[in-house]
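Work through these exercises with the sequence and the model side by side. Try each task before you read its solution.

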Amino acid sequence: MISSNDLQQAMAKFATGVTVIGSLETNGTVHGMTANALTSVSLEPPMVLVCIARDNVSYSNIAQRGRFGISVLKAQQEGAAQYYGRDRWERVGDVAVEWQLKEGGSPRIKDSLMFLECRVVARHDHGDHGIFVAEVEETATELGQPLIFYDSQFRDMGNAK
Ligand SMILES: Cc1cc2nc3c(=O)[nH]c(=O)nc-3n(C[C@H](O)[C@H](O)[C@H](O)COP(=O)(O)O)c2cc1C
């Protein structure tokens, strides 16, 4: 059997965009988590899935509230990706991120390239992660260039056309 490190190294060759998943804690505090495991699932009805480690704060927030927001980051929002990609106790210093709370209770990072407001319809736990399947209740897009994650590094689109 391969190791988790083998899979991480292999998946590093799969270039993705970068999101921050926003959820609410029981006391109403907004919590962010950098994630690239986002896939669209269905168009009718509109559904996506995200995969979240089961010991993450975000996993319990979303399991409890049944709602979350997905903010896809612009290239210049790398600071948010770095900050929310660390465990809570390693999030030192401030990050220049402004959150907006949507009516349904899904937090969005202001000025993100794209936003999905999500309501959980199913959860499937496999291994150390949980798959949250969610219906998308609202979308928003802006002009801009995406932040890319490839070979374990944040990048921009370079000269891509
Ligand atoms: C580029 C990048 C992508 C990530 N993608 C995921 C992901 O899809 N799912 C996940 O559970 N953690 C992912 N992580 C790790 C979490 O962001 C990190 O463990 C987080 O601080 C823990 O979440 P929590 O604050 O909810 O406990 C990613 C980290 C980075 C830097």
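**Exercise 1. The helix α2**

Against which strands do the buried residues of α2 pack?

Solution. Keep in mind that this is a predicted model.

Step 1. List the buried residues of α2: Ser 58, Tyr 59, Asn 61 and Ile 62.

Step 2. Look down the axis of α2. Its buried residues fall within an arc of 165°, so they line one face of the helix. Recall the general rule: an α-helix has 3.6 residues a turn, so residues three or four places apart point the same way.

Step 3. Find the partners. The buried residues of α2 pack against β2 (19–24), β3, β5, β6, β9 and β10.

Step 4. Move on past the helix. Just after α2 comes Gly 66, with a positive phi of about 75°.

**Exercise 2. The nonpolar cores**

Solution. 

Step 1. Take the size. The largest nonpolar core has 15 residues.

Step 2. Zoom in on Ile 21. Set aside its neighbours within four places in sequence. Ile 21 then touches His 31, Gly 32, Met 33, Ala 35, Val 50, Ile 52, Ile 62, Phe 68 and Gly 69.

Step 3. Look for another core. A second, separate one has 9 residues, including Val 20, Leu 73, Ile 109 and Leu 147.

**Exercise 3. Strand pairing around β9**

How many bridges join β9 to β10, and how many pair β6 with β9?

Solution. 

Step 1. Start with β6 and β9. They pair in the antiparallel sense over 6 bridges. Here Ile 70 stands opposite Leu 116 in β9.

Step 2. Turn to β9 and β10. These strands run antiparallel and are joined by 12 bridges. His 124 faces Ile 131 in β10.

Step 3. Inspect the turn. The hairpin of β9 and β10 has 2 residues between the strands, and Gly 127 takes a positive phi near 55° there.

**Exercise 4. Aromatic pairs**

How many aromatic pairs does the structure hold? Describe two of them.

Solution. 

Step 1. Count. There are 4 aromatic pairs.

Step 2. Take Tyr 84 and Trp 99. Their ring centres lie 5.7 Å apart, with 75° between the planes. Planes over 60 degrees apart count as edge-to-face, and this pair is edge-to-face.

Step 3. Tyr 84 is in helix α3 (residues 78–84) and Trp 99 in strand β7 (residues 99–101), so the pair links distant parts of the chain, 15 residues apart.

Step 4. Check accessibility. Tyr 84 is buried at 9%, while Trp 99 is partly exposed at 22%.

Step 5. Compare Phe 149 and Phe 154. Their centres are 5.0 Å apart and their planes at 50°, so the pair is tilted. Phe 149 is partly exposed at 26%, and Phe 154 is partly exposed at 21%.

Step 6. Look for a cluster. Tyr 83, Tyr 84 and Trp 99 form one.

**Exercise 5. A serine contact**

Is Ser 42 buried or exposed?

Solution. 

Step 1. Locate Ser 42 in strand β4 (residues 38–42).

Step 2. Apply the cut-off. Buried means under 20% relative accessible area. Ser 42 has 18%, so it counts as buried.

Step 3. Find its contact. A polar atom of the Ser 42 side chain lies 2.6 Å from the backbone oxygen of Pro 45.

Technical notes: Residues numbered from 1 in each chain as written. Predicted model: local features only at pLDDT ≥ 70, side-chain atom pairs only at ≥ 80, totals over all residues. Heavy atoms only, no water. Phe/Tyr/Trp six-rings, centres within 6.5 Å; stacked < 30°, edge-to-face > 60°. Helix = DSSP H or I, 4+ residues; strand = E, 2+ residues; numbered from the N terminus. Buried < 20%, exposed > 50% of the residue type's maximum accessible area, 1.4 Å probe, protein only. Polar contact = N/O pair within 3.5 Å; in protein donor to acceptor, adjacent residues only side chain to side chain. Core = buried A, V, L, I, M, F, W, Y, C linked by side-chain atoms within 4.5 Å. Contact = heavy atoms within 4.5 Å. Arc of directions from axis to C-beta. Pairing = 2+ DSSP bridges.
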